[in-house]
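Please look through the sequence and the structure shown here before reading on.

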Amino acid sequence: MCFLAPQAAYNAGYINTAIQMKRIEYPFTLNSIKDLKCGERIIVSGRVITARDRAHKYLFEGNKCPVELKDGAIYHCGPVVIQKDGKWVVRAAGPTTSMRQEPYTAKIIEQYHPRLIIGKGGMGEGTRKACIKYGCVYLQTVGGAASWIARNVEKVASVHLFKEFGYAEALWEFFVKDMEAIVAIDTRGRSIHKRIQLASKRRLNNLL
């Protein structure tokens, strides 16, 4: 499979395409993620929990999480899921914009200790600092390829808060295989987006 990464990150040399991609599998322990480096391309397999705006706000406000997140993965995704022959089938599973979850993410990392946050676009200083303090990484996967990513979902194990939040906002428990991603923030706090912002600012200053 070919992963479509942000062109700016490629152009700036922050993504290494020359080395073989690392594989990590659930449970995502601190030991399995601590050596991942910003800009590294990886392959994720195992248990992933989807969560969007309502779920993040729900957890942030102190409500009990109905599913275990420790050493797990939170995927910023509002999937399209249908029932076929009595089973859940995922038709689309693309990432949603992660920055919307920035107000909530640091507290969720502190309280629930997920090791992977997966989404689209950048995240802010709160998340970056929480990744350093509690041992977590933010992974970026490709936007605009929801049906392609859905093929990585091997199984829908369960769904939580479905009645309360509906299809897109519920917490879906997926088991994925060979889901590709880029390490956008590592456990040392190095950030692809921060590097690009600094490089862009330097270039702008030179132009001015």
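**A serine and its surroundings**

Leaving aside residues up to four places away in sequence, serine 45 touches Ile24, Glu25, Tyr26, Phe28, Val176, Lys177 and Asp178, where contact means heavy atoms within 4.5 Å. This is a predicted model, in which local features need pLDDT of at least 70 and side-chain atom pairs count only at pLDDT 80 or more, while totals for chains, interfaces and linings use all residues. Residues are numbered from 1 along each chain as its sequence is written, and side-chain values use heavy atoms, with hydrogens and water left out.

Serine 45 lies in strand 2; helices (H or I, at least four residues) and strands (E, at least two) are DSSP runs, numbered from the N terminus. With a relative accessibility of 11%, serine 45 counts as buried, a term that means under 20% relative accessible area, whereas exposed means over 50% and partly exposed lies in between (1.4 Å probe, protein chains only). A polar atom of the serine 45 side chain lies 3.0 Å from the backbone nitrogen of aspartate 178.

**Salt bridges**

Aspartate 178 also takes part in a salt bridge, its side chain meeting that of arginine 23 at 2.7 Å, N to O. This pair links distant parts of the chain, since arginine 23 belongs to strand 1 (residues 22-25) and aspartate 178 to strand 9, 155 residues apart. The two partners stand on either side of the accessibility cut-offs: arginine 23 is exposed, at a relative accessible area of 55%, while aspartate 178, at 19%, counts as buried.

The whole structure holds 11 salt bridges, each defined as a side-chain nitrogen of Lys or Arg within 4 Å of a carboxyl oxygen of Asp or Glu. One of them joins glutamate 125 to arginine 128, with the closest N and O atoms 2.7 Å apart. Both of these residues lie in helix 5 (residues 125-134), three residues apart, which is about one turn of the helix. Glutamate 125 is partly exposed, with a relative accessible area of 34%, and arginine 128 counts as buried at 16%.

**A helix with a buried face**

Which residues of helix 4 (residues 102-112) are buried? They are Glu102, Tyr104, Thr105, Ile108, Ile109 and Tyr112. Seen down the axis of helix 4, these buried residues fall within an arc of 135 degrees, so they line one face of the helix; the arc is that of the directions from the helix axis to the C-beta atoms. The buried residues of helix 4 pack against helix 3 (53-60), strand 3, strand 6 and helix 5. After helix 4 comes histidine 113, whose phi is positive, near 55 degrees.

**The nonpolar cores**

The largest nonpolar core has 31 residues, and those with the most contacts inside it are Ile42, Val44, Val90, Leu116, Leu139 and Phe174; such a core is a set of buried Ala, Val, Leu, Ile, Met, Phe, Trp, Tyr and Cys residues joined through side-chain atoms within 4.5 Å. Among the elements that give two or more residues to this core are strand 2 (41-50), strand 6 (116-119), helix 6 (146-150) and strand 9 (171-185). Strand 9 supplies the largest share, six residues. Leucine 116 touches residues including Ile24, Phe28, Ile33, Val44, Ala73 and Leu139, not counting residues up to four places away in sequence. Apart from this core lies another, of 23 residues, among them Cys131, Tyr138, Phe165 and Leu171.

Methods. A polar contact is a pair of N or O atoms within 3.5 Å; within protein, one must be able to donate a hydrogen and the other to accept it, and residues adjacent in sequence count only if both atoms are side-chain atoms.
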